[in-house]
Amino acid sequence: MSPSPPLARPSVDVRGLVHCFDAPAGPITVLDQVELTVAHGEHVAVVGRSGSGKSTLLSLLGGLERPQDGSVDVLGRDLGAATRDELAQFRADELGFVFQHFGLLDTLTARENLELAGTLAGQGRGERRDRADRLLDAVGIAHRRDHAPPALSGGERQRVGIARALMNEPRLVLADEPTGNLDDDSAQDIAELLASMPRQTGATVVTVTHDRTLAARADRIVELRAGAIVETAPHRGPRR
């Protein structure tokens, strides 16, 4: 997989982002004037306590929710101005998602889960079969490609999930608590895979996590507290 060409603009550029949820006692602000810039090829970890707004921020970066105030620019596209159909196509073409609960279909094999993602990305049968096999090999699970998720360990399922996230050659990978359901050894393996993505594929990676070990593998750590960015660890720059 050859790295993507660099972008003139940051991969992620969030300005003055405010997002609220309705509640019986009144609106609850979960993101409050958030400012965040992520460079092309950078791996940023977003940490914080439950309820701090981490998953909401990730949903906004993925076009799954619309910003209520402020701007969310991802890969040069203003997500707040895009239509629902445009957002769906944008996700299919440009983004890869990695989930805590894996998000795999139990009735399909590991390879078939990847091939389904390739179908949704418009890949031909031969192309998606070849790419699925190469990706499963790249994440060290080619020998389990014909097994369905119930026959796989948690770490193996997450490897399949990461491979699936790369099926459309995304320029941005969004990972939501990717080690949350894994044992320590598996979590270390997944942390290494995510950390290697910018080097191997050129993709930008934003990871939301409670796992400080996983966060430490990122180029930069951003902390959300009560909806606001309050601390940023020293910037090391994208690793090469």
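Helices (H or I, at least four residues) and strands (E, at least two) are DSSP runs, numbered from the N terminus. This is a predicted model, in which local features need pLDDT of at least 70 and side-chain atom pairs count only at pLDDT 80 or more, while totals for chains, interfaces and linings use all residues. Residues are numbered from 1 along each chain as its sequence is written, and side-chain values use heavy atoms, with hydrogens and water left out.

**Loops and backbone angles**

E177 sits in the loop between β7 (172-176) and α6 (184-201). E177 is not a glycine, yet its phi is positive, about 45 degrees. The relative accessible area of E177 is 10%, so this residue is buried. Here buried means under 20% relative accessible area, exposed over 50%, and partly exposed in between (1.4 Å probe, protein chains only).

Q33 also has a positive phi, near 55 degrees, and is a residue other than glycine. Q33 belongs to strand β2 and is partly exposed, because its relative accessible area is 47%.

The table sets out the accessibility of residues discussed in this report.

| Residue | Relative accessible area | Class |
|---|---|---|
| E177 | 10% | buried |
| Q33 | 47% | partly exposed |
| Q68 | 48% | partly exposed |
| T204 | 0% | buried |
| T209 | 0% | buried |

**The four-stranded sheet**

Strands β2, β1, β4 and β5 make up an open sheet in the order β2-β1-β4-β5, with antiparallel pairing. Its edge strands are β2 (28-38) and β5, each of which pairs on one side only. Two strands are said to pair if DSSP finds at least two bridges between them.

Strand β1 (residues 12-21) runs antiparallel to strand β4 (residues 69-74), and five bridges join them. On the side of β5, D73 stands opposite D78. β4 and strand β5 (residues 77-78) are paired in the antiparallel sense over two bridges. These two strands form a hairpin with two residues between them, and L75 in the turn has a positive phi of about 55 degrees.

Helix α1 (residues 54-61) is mostly covered, with seven of its eight residues buried. The buried residues are K54, T56, L57, L58, S59, L60 and L61. After α1 comes G63, with a positive phi near 70 degrees.

The loop between α1 and β4 contains Q68. Contact is taken as heavy atoms within 4.5 Å. Leaving out residues up to four places away in sequence, Q68 touches V18, H19 and C20. V18 and Q68 are 50 residues apart in sequence, and their C-alpha atoms are 6.2 Å apart in space. A polar atom of the Q68 side chain lies 2.6 Å from the backbone nitrogen of C20. A polar contact is a pair of N or O atoms within 3.5 Å; within protein, one must be able to donate a hydrogen and the other to accept it, and residues adjacent in sequence count only if both atoms are side-chain atoms.

T204 is part of strand β8 (residues 204-208). Not counting residues up to four places away in sequence, T204 touches S11, V38, A39, H40, G41, E42, R171, L172 and V173.

T209 lies in the loop between β8 and α7 (212-215). A polar atom of its side chain is 2.8 Å from the backbone nitrogen of D211. Apart from neighbours within four places in sequence, T209 is in contact with V46, V47, G48, K54, E177, T179, L214 and A215.

**The largest pocket**

On a 1 Å grid over the protein atoms alone, a cavity is a set of points where a 1.4 Å probe fits but cannot get out, whereas a pocket is an open set with protein on both sides within 12 Å along at least five of seven lines; lining residues have an atom within 4 Å of a point. Grid points are joined across faces, edges and corners, and a volume is the space filled by probe spheres set on the points.

The volume of the largest pocket is about 470 Å³. It is lined by 19 residues, of which L95, F97, A117, L120 and R164 are the closest to its centre. At least two lining residues come from each of α2 (84-94), β6 (95-99), α3 (110-120) and α5 (154-165). The lining has 13 nonpolar, four polar and two charged residues. In this count Ala, Val, Leu, Ile, Met, Phe, Trp, Tyr, Cys and Pro are nonpolar, Asp, Glu, Lys and Arg are charged, and the others, Gly among them, are polar.
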